[in-house]
Amino acid sequence: MFSFFLNAICLYFLIPILKKYSFSDKPNARSSHQIIKPTGGGISFVLLSILYGIFFKFWTPIICFPLALLGFFDDRKSVHPLLRYFLQLI
C-alpha cells in the first residue's frame, strides 16, 4: 500500500510536467481513449523501483533501467518496432 500511495503522489506532480513538455498520446483508430492523454508516467514506477533497489540493495531495477529508458524514448519519439525489439534483446 505504501508504494501505491508513493507512486500516486509522484504521478500527481509528474503528470503536469509531462503535459507541459508535450508527452502526449493523440488518439487514433486503435486507441482506447478519445482525448489526448499524457504518456511517460511509467517513469515514476522506474524511479521509485530504483530508489527501492538502492535502499534495500536489490539491483534488478537498476540493471533493467536501460529498458525503461528505451520505453520512455519510445513514448517521446516513436521507435521502429524491429529496432526496439533488437535493443530489448541486447
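At 1.5 Å a residue, the 19 residues of helix α1 (residues 2-20) should span 27 Å, and the end C-alpha atoms of α1 are 28 Å apart, which agrees. The expected span is 1.5 Å times one less than the number of residues. Helices (H or I, at least four residues) and strands (E, at least two) are DSSP runs, numbered from the N terminus. The model is predicted: local features need pLDDT of at least 70, side-chain atom pairs count only at pLDDT 80 or more, and totals for chains, interfaces and linings use all residues. Residues are numbered from 1 along each chain as its sequence is written, and side-chain values use heavy atoms, without hydrogens and water.

Helix α1 has a kink of about 30° at L14, shortly before the proline P16. The bend is the angle between axes fitted to the seven residues ending at a residue and the seven starting there. After α1 comes S22, with a positive phi near 55°.

The protein chain holds 5 helices and 2 strands, in the order α-β-β-α-α-α-α from the N terminus. Of its 90 residues, 20% count as buried. The C-alpha trace spans about 45 × 35 × 20 Å along its principal axes.

F58 lies in the loop between α2 (42-56) and α3 (60-63). F58 counts as partly exposed because its relative accessibility is 43%.

Key:
Buried < 20%, exposed > 50% of the residue type's maximum accessible area, 1.4 Å probe, protein only.
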